[in-house]
Amino acid sequence: MNTPNTSEGRDTPSPTLPLRVKLVALTTALALVPVPFVGLVLLSRAQDALEHQLRELQLAVADEVTAAVEHESEGTRDALETLARILVDPALSEEATVTTALRTVEGHDAVDEVAVYDRGGALVDRLAERDGGSETPEALPEGAREHAAEAGASLITTPGGPMLLVVPLRVNRAATGFV
């Protein structure tokens, strides 16, 4: 005798979950689905805020560096202008000129080296130089001389080398040389 297969002919009810469990599961799913998206949005906004703060910090640092360089540059220019006036002062003897010029250079931390050039830009003398040797050029470029004569000073930058501030030596308002 054949017994009918109980699984084929009958509708067996599937086990059902209580409504409360279904509602909790649905609520949990609906609550958790947007969490990654909200997290991504919040991370993006936090990154934008951090980048903005970083830019502001970089600008603040750049402003501070600029102010420090300008202050140092003004001190160097003042020292070189004083030195230029000393070098062309006809009231000083040659010995007094050299002594005063050297003391002026020694008294300014902003001045590392000083070289004197003639009107054509050729090196005349080095009044002060570093222990490791000089970084001042043997001749000043024509453009730097012209700019210094017109503007009162000229800044020369060389790749990998020092920044040089060139100030004219003036006698009767004419540039007769450069420091």
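Serine 154 touches Ala144, His147, Ala148, Leu164, Leu165 and Val166, leaving out residues up to four places away in sequence; a contact here means heavy atoms within 4.5 Å. At 6% relative accessibility, this serine counts as buried, where buried means under 20% relative accessible area, exposed over 50%, and partly exposed in between (1.4 Å probe, protein chains only). Serine 154 sits in strand β3, residues 154–157.

Keep in mind that this is a predicted model, so local features need pLDDT of at least 70 and side-chain atom pairs count only at pLDDT 80 or more, while totals for chains, interfaces and linings use all residues. Residues are numbered from 1 along each chain as its sequence is written, and side-chain values use heavy atoms, with hydrogens and water left out.

**The chain as a whole**

- The protein chain has five helices and six strands; helices (H or I, at least four residues) and strands (E, at least two) are DSSP runs, numbered from the N terminus.
- Starting from the N terminus, the elements of the protein chain go α-α-α-α-β-β-α-β-β-β-β.
- The protein chain has 179 residues, and 21% of them count as buried.
- About 13200 Å² of the protein chain is accessible surface, and 58% of that belongs to carbon and sulfur atoms; the areas come from the Shrake-Rupley method with a 1.4 Å probe, and for residues only the protein chains shown count as cover.
- Take the contacts in the protein chain with a separation of 6 or more: 38% of them are between residues 24 or more positions apart.

**Nonpolar cores**

- In soluble globular proteins, nonpolar side chains tend to be buried together.
- The largest nonpolar core has 16 residues, and the ones touching the most other members are Leu80, Leu83, Val114, Leu127, Val167 and Val179. A nonpolar core is a set of buried Ala, Val, Leu, Ile, Met, Phe, Trp, Tyr and Cys residues joined through side-chain atoms within 4.5 Å.
- Elements giving two or more residues to this core are α3 (34–87), α4 (94–106) and β1 (114–118).
- With five residues, α3 gives the most to this core.
- Another core, of ten residues, lies apart from it, and its members include Ala115, Tyr117, Leu140 and Ala148.
- Back to leucine 83: with neighbours within four places in sequence left aside, this leucine is in contact with Ala101, Val105, Val114 and Leu127.

**How the helices pair up**

- The axes of α2 (residues 19–32) and α3 come within 5 Å and cross at roughly 20 degrees. Axes are lines fitted to C-alpha atoms, for helices over the stretch in contact, and angles run from 0 to 180 degrees between N-to-C directions.
- That crossing makes α2 roughly parallel to α3; angles under 35 degrees count as roughly parallel, over 145 as roughly antiparallel, 65 to 115 as roughly perpendicular and the rest as oblique.
- Where do α2 and α3 meet? Leu30, Ala31 and Leu32 are on the α2 side, facing Pro34, Val35 and Pro36 in α3.
- For α3 and α4, the axes come within 9 Å and cross at roughly 175 degrees, so the two helices are roughly antiparallel to each other.
- On the α3 side, that contact is made by Ala79, Thr82, Leu83, Ile86 and Leu87, and on the α4 side by Thr97, Thr100, Ala101, Thr104 and Val105.

**Single residues to look up**

- Histidine 52 is in helix α3 and is partly exposed, with a relative accessible area of 41%.
- The histidine 52 side chain makes a polar contact with the side chain of glutamate 56, at 2.6 Å. A polar contact is a pair of N or O atoms within 3.5 Å; within protein, one must be able to donate a hydrogen and the other to accept it, and residues adjacent in sequence count only if both atoms are side-chain atoms.
- Valine 88 is in the loop between α3 and α4 and is partly exposed, at 24% relative accessible area.
- Valine 88 is in contact with Leu169, Arg170 and Val171, again leaving aside its neighbours within four places in sequence.
- Valine 88 and glycine 177 are 89 residues apart in sequence and 9.6 Å apart in space, C-alpha to C-alpha.

**The loop between β5 and β6**

- Most residues other than glycine have a negative phi.
- Asparagine 172 is not a glycine, yet has a positive phi of about 55 degrees; this asparagine is in the loop between β5 (168–171) and β6 (174–178) and counts as exposed at 74% relative accessibility.
- Arginine 173 lies in the loop between β5 and β6, has a positive phi of about 70 degrees although it is not a glycine, and counts as exposed at 78% relative accessibility.
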